[in-house]
Amino acid sequence: MAVAGTASKPQKKSQAKKGGSGSLDLRLHGPGMTPILRAGLGGLAASLRAILRERSRETKWEEGVVVPLGPGQATIEAHRVVISWPEGGLEPTLKALWEGSFRISHGVIYLPGAHLEPFDGTKVVPLRLQEGLKRTFLQHGKSTEKDGSPKVLSVDQGEGPIALGYQPFASYAHAKAIKDMLQALAKGTSVELAGWACPGAAQRHVAFGATRAAYAPQEAVAALFSLVGCISLPEGNGGGFLIIPEPNHLISFAKKLPRLLPASPTDTAPASLGDALLLAEMSLLMESMEQPFVASLHGTLLESMAWDKKQKYRAALVTVGQFQKDRMELFRTIRSELKPRLISTKQGTTWIKPSHLRAFAADNLARGRPWYQGFAIHTITEQKQTRFLHTYRSSEKSNLGALQHSERQGLIRMTEQLSGTEQRLVAATHEAIRNQFGKISQTQKALGGDLKKRFQDERQRIRVAFSSAKTQDQVRSAFADLWSRSGSLPTLQAHWSEVMALVHGPKWALARDLALVALASYKGQRSEEEEHAEDATEISAE
């Protein structure tokens, strides 16, 4: 890909005079192929497989398979796709490819190469996938053509009743791009495409026309089919997640791409970019048992910026190869315990609200960090109010917490998968908290008064001591104060040297994080029913 005015000339094989025969040779590792273009080539292969299956399910999908396209054909190999047409067959060949690849079903975008089934008016997932496309590739209003007024779909697919509003469409930019492709192939010129073809690759300013994105025909086809080969999901604050699986084997990728997309409504609402990547990686691991078909995953968060609220720009990028097995086991726990909540809005629709804790932990895992790193200082801004992740939400006006009480069990299960030393530090902190609460209980029984408030005050004192500790000496002092007031601590006595090496060593900030993880995961004698009742109060307040 090149900017306008500097685009490389199309290869001789791709040139075709109007009405003449010709071919397009698209190579997975050819010149100019970026990760998103490789994903697009995978999307092309997947679309061709869907076209072939509509014609004949008996033809085996294997190396060298030939897919008829009107008068022309496409040949698919492990690392390239060749589209060829006879004399006078360019337009009908491309038309057969386009009509079989970019469709609309009941007003909802349907990509046969990626989607398991068309929208039938009863499923939530296709609507969420379309919303993801509108937040990434098709974010500009002119990239889609509306079909009537917005509608609302109300269903219950096993995760609770969901009501989603959506806008039916009559067409979208990719389906109309065949005109530009025909013109470029007939004249042997480059193809200029707007940002809807490749998010982020767009003219920077009207005064700088040279920044327009121009593609050789091979690159243009790959860019257009990246809509099929990538995974687009909506982000909770109006942004979008773009997951780019970079294929290394087109035959396998085309076969398994539909199973990489979310299958349940809640999986279409990732809590963060890291969460979206890990969900895709988990699907990859399930489909790659025999042969890996994706070299790496790339994730992009697209958000509106202060200088331009109308368009979304790349706000974060994460690239990963292969996650370690223990990290994926931990993510399975996170996914099962920290599910999004379904909240009814005043407009009568459903808000799928992800977990802040899940977003925080998944982002850490995706970047190769301990899931709890930064727990002591992590904050969330909601409705212009800063909330602390290490604090539980309450129904009080001074509510500064981001954790839901129903998430405590998930946090407990996450601590069970810590390493030996980390677990011992958490266990020693739990023992100290338990002893402190025991002392408070005995004293309060003799003096009378509000025992619950005394417990809350002690939790707040411990929380402030660690969250405000900014240096290693302050963290060490906070631990010393807590442990010295708590009496006998069996875990600390048995593993003193090991635990103190973490507190005194270069990873002292992680010890501070673990102290607050221990405080947040300490359950005591409180019943789950009371905790969930508080959550219900918080939900209604939202």
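Here is a short chat about ring pairs and charged contacts in this predicted model.

Visitor: How many aromatic pairs does a search of the whole structure find?
Guide: Local features here need pLDDT of at least 70, side-chain atom pairs count only at pLDDT 80 or more, and totals for chains, interfaces and linings use all residues. Residues are numbered from 1 along each chain as its sequence is written, and side-chain values use heavy atoms, with hydrogens and water left out. Rings of Phe, Tyr and Trp (its six-membered ring) pair if their centres lie within 6.5 Å; planes under 30 degrees apart are stacked, over 60 edge-to-face, the rest tilted. On that basis, the search gives twelve.

Visitor: Is arginine 135 buried or exposed?
Guide: Its side chain meets that of glutamate 131 in a salt bridge (2.8 Å, N to O), meaning a side-chain nitrogen of Lys or Arg within 4 Å of a carboxyl oxygen of Asp or Glu. Buried is under 20% relative accessible area, exposed over 50%, partly exposed in between (1.4 Å probe, protein chains only). Glutamate 131, at 31%, is partly exposed. Because arginine 135 has 16% relative accessibility, it counts as buried.

Visitor: Which residues are linked in a network of salt bridges?
Guide: The salt bridge count comes to 23. The network links Asp25, Arg27, Glu77 and Arg80.
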